[in-house]
Amino acid sequence: MRIKNSMARFFGILVMPAICAAAIVYFGYYTLWGTRGILALTDVRARLSVEEDRLASLKADRDRLEHRIALLRSGSEDPDLVEEIARGQMLGSSPGQIAVPRERR
């Protein structure tokens, strides 16, 4: 009986607090230095700002292309845009090249 009481006392005094302390240390470590911890937050915010800038750039490109497509819809074609596309495809022009139309004879 005496051994049983001493074991219960030992377990209650030393082992339970040690287990609780180990759990607190484990979760505290991952709260600060884990992959989703507080210190990783700055890296995540930096990557988020880069991706937000990329998203804004892609949205601007998409808006520009949607505007060009709207100019080419049937019934409301923009003659300047049609001529620009035709010159680009027919003349094999490069950026910055100027095509001067000739008078027809």
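Author: In this predicted model, ring pairs join Tyr-26, Phe-27, Tyr-29, Tyr-30 and Trp-33 into a cluster. Rings of Phe, Tyr and Trp (its six-membered ring) pair if their centres lie within 6.5 Å, with planes under 30 degrees apart counted as stacked, over 60 as edge-to-face and the rest as tilted. Residues are numbered from 1 along each chain as its sequence is written.

Reader: How many aromatic pairs does the structure hold, and how is a pair described?

Author: A pair of aromatic rings is described by the distance of the centres and the angle of the planes. The structure holds 4 aromatic pairs; one of them, Tyr-29 with Trp-33, is tilted, at 5.6 Å centre to centre and 40° between the planes. Because Tyr-29 and Trp-33 are 4 residues apart in helix H1, about one helical turn separates them; helices (H or I, at least four residues) are DSSP runs, numbered from the N terminus.

Reader: Are Tyr-29 and Trp-33 buried or exposed?

Author: Buried means under 20% relative accessible area, exposed over 50%, and partly exposed in between (1.4 Å probe, protein chains only). Tyr-29 has 41% relative accessibility and so counts as partly exposed, whereas Trp-33, with a relative accessible area of 52%, is exposed. Tyr-30, which lies in helix H1 (residues 2-33), is partly exposed at 44%.

Note on methods
This is a predicted model: local features need pLDDT of at least 70, side-chain atom pairs count only at pLDDT 80 or more; totals for chains, interfaces and linings use all residues. Side-chain values use heavy atoms; hydrogens and water are left out. Helices (H or I, at least four residues) and strands (E, at least two) are DSSP runs, numbered from the N terminus.
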